Amino acid sequence: MYLPLVRVGWIDALEFDQHSPPNTHPESPDRLEAIRQALRTTGLVEFLDRHPPSPVSPELLEAVHDRRYIQRLEALGKGWLDDDTYVGEATVRAARLAAGGVVDAVDYVLRGHWNRAFCSVRPPGHHAHRATGGGFCIFNNVAVGVRFALRSGRADRVAIVDFDAHHGDGTCEIFRNEPGVLYLGLHQLALYPQTGDGVPQPGSISVALPPGATDADALAAFERTLAPSLRSFAPDLIVLSAGFDGDFRDPLADLELTPRGFAGLTRGVVELADLLCEGRAVSVLEGGYDLEALAEDVAAHVWALLS
Ligand SMILES: [Zn+2]
């Protein structure tokens, strides 16, 4: 029997499913159920150490998000933050668990209990800014995990690799001008939120792929631009904003990636993590809205995390 040499944790909770935007919203609880089913049917679940998340502490959440924004969310109860970002009765609780789950994963990895982790959390996070949510995102889960890492005394430099089809504008805003954090993005040109057009910003390097870009295009961009930046930054930890809406089947973007491409990108990150920071990598789910594609892409991604 094949036994992986790396220990990979999996953050998952049924409470995430209670955040349930109405009607046929693409960011639905079905996404996590598709992921769970994929990890079960592929047998990958046998190799993962499943761990329930704990809610993020108020202090850590306020180190990333404006207190007035958090209070506004709690007072809202039920409503919309923007045209497509829903807050229901269970949303703030799910969002606290999503951010806290990433903190748990970062803690386990930095302490050496796990080599890597996959956090299948909802709601997603990378469009959440310091003082506002948006683009389906409530709290910036990756930013909270990175802030925790920097405060833990176990990491001075953290790199974020974001391969969601949409640019992680919230993450970039939160860590702008912070020398301990480097954001590396690979996404589709001129797509929501219309940022990250390839012009380097302080602390952030993004490659904007044209519509129709393939696995080969994405892997070449990673090797040409992102990998050298990652090597010279020499992080103590890599956190992935793992969005799978670049899949050719996804309804919200126009890239042509396949599970093979996501596996290749993940292997590229994992190889650099092995080289630079003793393999420490924490992956956090962002987008991915075609359920069949999401299931296959996540299975390929987790398989690569186990390698
Ligand atoms: Zn996205």
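This is a predicted model: local features need pLDDT of at least 70, side-chain atom pairs count only at pLDDT 80 or more; totals for chains, interfaces and linings use all residues.
Student: Which strands make up the open sheet, and in what order do they lie?

Tutor: The open sheet has 8 strands, and their order is S2-S1-S5-S10-S9-S6-S7-S8, with parallel pairing. At the edges stand strand S2 (48-51) and S8, each of which pairs on one side only. If direction is ignored, neighbouring strands of this sheet are turned by 15° against each other on average.

Student: What joins strand S5 to the strands beside it?

Tutor: Strand S5 (residues 116-119) runs parallel to strand S10 (residues 281-285), and 4 bridges join the two; here Arg-116 stands opposite Ala-281 in S10. S1 also runs parallel to S5 and is joined to S5 by 4 bridges, with Ile-11 standing opposite Cys-119 in S5.

Student: Which way do the residues of S5 point, and are they buried or exposed?

Tutor: The general idea is that side chains in a regular strand alternate between the two faces of the sheet. In S5, Arg-116 and Phe-118 point one way while Ala-117 and Cys-119 point the other way, and all are buried. Helix H9 (residues 291-305) lies across S5, and also across strand S1 (8-11), strand S9 (237-242) and S10, running at about 165° to S5.

Student: How should I read the buried residues of H7, and which are they?

Tutor: An α-helix has 3.6 residues a turn, so residues three or four places apart point the same way. In H7 the buried residues are Asp-215, Ala-218, Phe-222, Leu-226 and Leu-230. What covers these buried residues includes strand S6 (158-162), strand S7 (181-188), strand S8 (204-209) and helix H8 (259-276).

Student: Why does the distance between the ends of helix H7 agree with its number of residues?

Tutor: Helix H7 (residues 215-233) has 19 residues, and because each residue counts for 1.5 Å, the helix should span 27 Å; its end C-alpha atoms are 25 Å apart, which agrees.

Student: Where in H7 does the kink lie, and what follows the helix?

Tutor: The kink, of about 40°, lies at Leu-226, shortly before the proline Pro-228. Leu-226 is also one of the buried residues of H7. After H7 comes Ala-234, whose phi is positive, near 50°.

Conventions:
Residues are numbered from 1 along each chain as its sequence is written. The expected span of a helix is 1.5 Å times one less than its number of residues. The bend at a residue is the angle between axes fitted to the seven residues ending there and the seven starting there. A residue is buried if 20 or more other C-beta atoms lie within 10 Å of its own, exposed if 12 or fewer, and partly exposed in between; C-beta atoms are placed from the backbone. Two residues are in contact if their C-beta atoms, placed from the backbone, lie within 7 Å. Two strands pair if DSSP finds at least two bridges between them. Axes are lines fitted to C-alpha atoms, for helices over the stretch in contact, and angles run from 0 to 180 degrees between N-to-C directions.
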